[in-house]
Amino acid sequence: MMEIKRKMGIAHFARRIKQPRGIWVKMAFIVVLGLCFVFFWSFLSSYASSFNVQRESFDDIAEPVSSRTKPARNEVSQSSKSHEKSKVESGSKSKEGRHVGGSVHKHETKKKKEHVVSHPHKKKELPKPVVVVEEEEAVVKEVQEQEQVEAETEESESNKEDGEEGTESDGNEGESDGNGDESSASVDEEVEEKKEEVEIAKKRKRKGPVFDPKAEYSWRLCSTRSKHNYMPCIDNDGLIGRLQSYRHRERSCPKKPVMCLVPLPHDGYDPPVSWPESKSKILYKNVAHPKLAAYIKKHNWVNESGEYLTFPQNKTAFSGNVLQYLEFIQEMVPDIEWGKNVRIVLDIGCSESSFVAALLDKNVLTVSLGLKDDLVDLAQVSLERGFPTFVSALANRRLPFPSGVFDTIHCSACRVHWHSHGGKLLLEMNRILRPNGYFILSSNNEKIEDDEAMTALTASICWNILAHKTEEASEMGVRIYQKPESNDIYELRRRKNPPLCKENENPDAAWYVPMKTCLYEIPSAIEQHGAEWPEEWPKRLETYPEWLTSKEKAVGDTDHWKAMVNKSYLTGLGIDWLHIRNVMDMTAIYGGFAASLVNQSVWVMNVVPVHSPDTLPFIYERGLIGIYHDWCEPFGTYPRSYDLLHADHLFSRLKNRCKQPASIVVEMDRLTRPGGWVVVRDKVEILEPLEEILRSLHWEIRMTYAQDKEGMLCAQKTLWRP
């Protein structure tokens, strides 16, 4: 009966709508529907908003607890060799795991608290790592303070960069393709996209562990055009890119985190020749490249000898003796004083490494910039020989260095058109060159028009030409310029072109920041870095300048790492330091870890993450080298570049900034040579899943150590590839 009445009511309502006065009924019906929709939509929006807040906030994550409250756990046991034979199952998905970024790894539910120690060449147990309790407490406190500073700095740095990432319309570098304006516009678009990604990353912050404890990983090899030499942010391996140039014009990273493994060279990979023998020879198969074979036949500074590439002593890419070349430079400008007054040098082009090798003997630390146009991969040869090298474009964006840190910049036949496009490339050199620093330009076939343009440009930026001579043995024309030491000379220019940069522009901002066609004022105040030339080496290593506001922390950082390295790293981890040459500190603060290794036969690339306080100028002031980097992206170097990676609270300091934190472990695998090491210090809640990821990559876990909520993990890479 009720059903009949309902149907009759609906029919009566329909008849009323058809009547002339039914228009009001229609309107009322539409209004009611609209109000229902608005109410329903607002309900869903508020629910989604509350869900996002619960899922993305991470501000209440507990900080490290001091190690004074609980006793240490120091159990040591032999690692199981049976794990070497275990295989990672592909394509499977268990009930407790899920796919992440196309890769899967089955995480063991049983947590391992033991401290595992083993070594491939020794069956006996290694000694327990010596841990200085007071030092551990100091570093925990330092981490807490550092994380607080980083949280305060992150927003201020992003606001600072907003005012500095202005656009430049001066075209592109000296690549004669006529697309300068288009390239500059695309760089500006990429900068805007990068800023948007930073904002999105801030909103992405969420609760929960850095690594998903339920994730599974199934590894595959990267299928890229550059194969075993794949550099993700430099090589152009997109679908469209395969039809274009081999490498990007600017740094451009894949949209998705890289979760594939770089294959080994075609003929395999053998342990590299140890230092210092690697200065004179390296294994050819480790750096084999089709274009390298053709290059060797045309140059006498490198020879193929059986399975090795050999480098005759003092031979250079140009005729003559490299030692005579260095003496010739110092004779022209005696104040250079290699190894004393001049300690840090940037070598542009990385055509060959004899210049770098000769300077090492004089206590000069040289960073070689391998340009992205180096399709022969000579930068990889330099790294295999044991020389500090990184790869980057030199086009529209700044190099990842602070201002005024290099004592000398050297360019020998580097084929860079310094005077083109308003001279912005030379102005970038002016930015990173120390006041009173030297720019050495060598060439044996300079054109008259290039000579005149270079003369006009260097005069416009007030560089003083100290010497211009031809070295007889090499027939190289050598010019030595010097950057001014004060701003007075800028005011004497008749034409204020290039103009002075705006006062609110930060000369140290370098990550994805376009180059400027302006001159930064020379630092003059005592609280500014670069106002005074550093002490002579090695005194500058232990000198703390007046402009350093956190001198006590810097001293404490140095003392802490000196104690840790001497009492633990050099003897307690099972690392054979005779086979360690290329080292990276992935989270350098004051360079204390690198300073503690200065007496070892190693060099350390100090990486200051872009989200951390800017301490890189002080690292250079000490006579050490470093670079800015964001670990959410791959590093600018070749695979298998480093013997040891050191990561002190890297993952906990990232605070879930990255889309896929496991991709950082994949990048560590790419950077490390087979047989190389990683030493990670972090929270135990991070180290436990990290250990499982490394095991899935078939790394050997040589040692783990835990004390309260802090711990350390030491692992060694194997030759395994999926």
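**Exercise 1. Determine what share of the contacts in the protein chain between residues at least 6 apart in sequence join residues at least 24 apart.**

Solution. A contact means heavy atoms within 4.5 Å. Among contacts in the protein chain between residues at least 6 apart in sequence, 73% join residues at least 24 apart. The model is predicted: local features need pLDDT of at least 70, side-chain atom pairs count only at pLDDT 80 or more, and totals for chains, interfaces and linings use all residues. Residues are numbered from 1 along each chain as its sequence is written, and side-chain values use heavy atoms, with hydrogens and water left out.

**Exercise 2. State how many helices and strands the protein chain has.**

Solution. Helices (H or I, at least four residues) and strands (E, at least two) are DSSP runs, numbered from the N terminus. The protein chain has 17 helices and 19 strands.

**Exercise 3. Decide whether Ser 663 is buried or exposed.**

Solution. First, locate the residue: Ser 663 belongs to helix 16, residues 662-671. Next, apply the cut-offs: buried means under 20% relative accessible area, exposed over 50%, and partly exposed in between (1.4 Å probe, protein chains only). Ser 663 has 11% relative accessibility and therefore counts as buried. Finally, leaving out residues up to four places away in sequence, Ser 663 touches Pro 257, Val 258 and Met 259. In the protein chain, buried residues make up 55% of the 722 residues.

**Exercise 4. Decide whether Asp 335 is buried or exposed.**

Solution. Asp 335 is found in the loop between helix 6 (322-332) and strand 6 (344-348). Its relative accessible area is 53%, so Asp 335 is exposed.
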